[in-house]
Amino acid sequence: MNLPNRLTIVRIILIPVFILLLVLPLDWGQVTWLGTAIPVAQIWGALVFAVASITDFLDGQIARRNHLVTNFGKFADPLADKMIVMTAFILLVSMNAVPAWGVAIIVCRELAVTGLRLIVVETGGKVLAAAWPGKIKTTTQMVGIILLLLNNIGFGSINVPMALIFFYICLFFTIYSGIDYFVQNRQVFAESSAE
């Protein structure tokens, strides 16, 4: 078990910690930041999510730099990313911080791209590395989630917080990068129709 894989496992372990921080009725008080009262549990949740995001960045960098890419890492790293991001968005819907329809689009895109990756591998193709739209999508998702956790203004408020702007940017790149991934792998569908 190399260091990048251990970091991936840490990220997976942080998911239940993150969930418990946001769903348990913990009354640790509130902190006022930029005129907004933020529950301390949400601040801890944002910190846990930030640590998980940093491990995502580090494990990929270390694996590529030190040639430590493994089958476990190829499988678990993107799975861990999707698990914590989708968990965060679902919890944010329950907190009325983001619209459910937007999160439904994000979840559907992630499932569709994951399914396509499986088909590509199964048909002997090579899974494409994340292109710049996918990297922007991931970055805006992670930054947006942290900002949304640190901003207690609910969806539909008169003030449009930067977090919500990040959410819509990540929604745009979620759709764009999903379409781009399907276009880049369109030969899979051409091959299957020829059979």
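Start by selecting Thr87, which sits in helix 3 (residues 71-94); helices here are DSSP runs of H or I with at least four residues, strands are E runs of at least two, and both are numbered from the N terminus. You are looking at a predicted model, where local features need pLDDT of at least 70, side-chain atom pairs count only at pLDDT 80 or more, and totals for chains, interfaces and linings use all residues. Residues are numbered from 1 along each chain as its sequence is written, and side-chain values use heavy atoms, with hydrogens and water left out.

Is Thr87 buried or exposed? Thr87 is buried, because its relative accessible area is 17%, and buried means under 20% (exposed is over 50%, partly exposed in between; 1.4 Å probe, protein chains only). Now show its surroundings: Thr87 touches Ile15, Phe18 and Ile19, leaving out residues up to four places away in sequence. Contact means heavy atoms within 4.5 Å.

Next, select Phe18, Phe49, Phe89, Leu92, Ile145 and Phe167. These have the most contacts inside the largest nonpolar core, which has 28 residues. Such a core is a set of buried Ala, Val, Leu, Ile, Met, Phe, Trp, Tyr and Cys residues joined through side-chain atoms within 4.5 Å. Helix 1 (3-23), helix 2 (40-65), helix 3, helix 4, helix 5 (132-149) and helix 6 (162-184) each give two or more residues to this core. Helix 3 supplies the largest share, 6 residues.

Stay with Phe167 for a moment. Leaving aside neighbours within four places in sequence, Phe167 is in contact with Phe89, Val98, Pro99, Gly102, Val103, Ile106 and Leu148. A second, separate core of 5 residues includes Val113, Leu116, Tyr181 and Val188.

Now colour helix 4 (residues 100-122). Its 23 residues reach 33 Å from first C-alpha to last, close to the 33 Å expected at 1.5 Å a residue; the expected span is 1.5 Å times one less than the number of residues. Buried residues in helix 4 include Gly102, Arg109 and Glu110. Just after helix 4, find Gly124, with a positive phi of about 85 degrees.

Then try the record. An unreviewed UniProt entry lists residues 7-26, 32-58, 79-95 and 164-183 as "transmembrane region"; such annotations may be inferred rather than shown by experiment. In the model, residues 164-183 are 100% helix, with end C-alpha atoms 29 Å apart.

Finally, zoom out: the protein has 7 helices and 2 strands, and buried residues make up 39% of its 195 residues.
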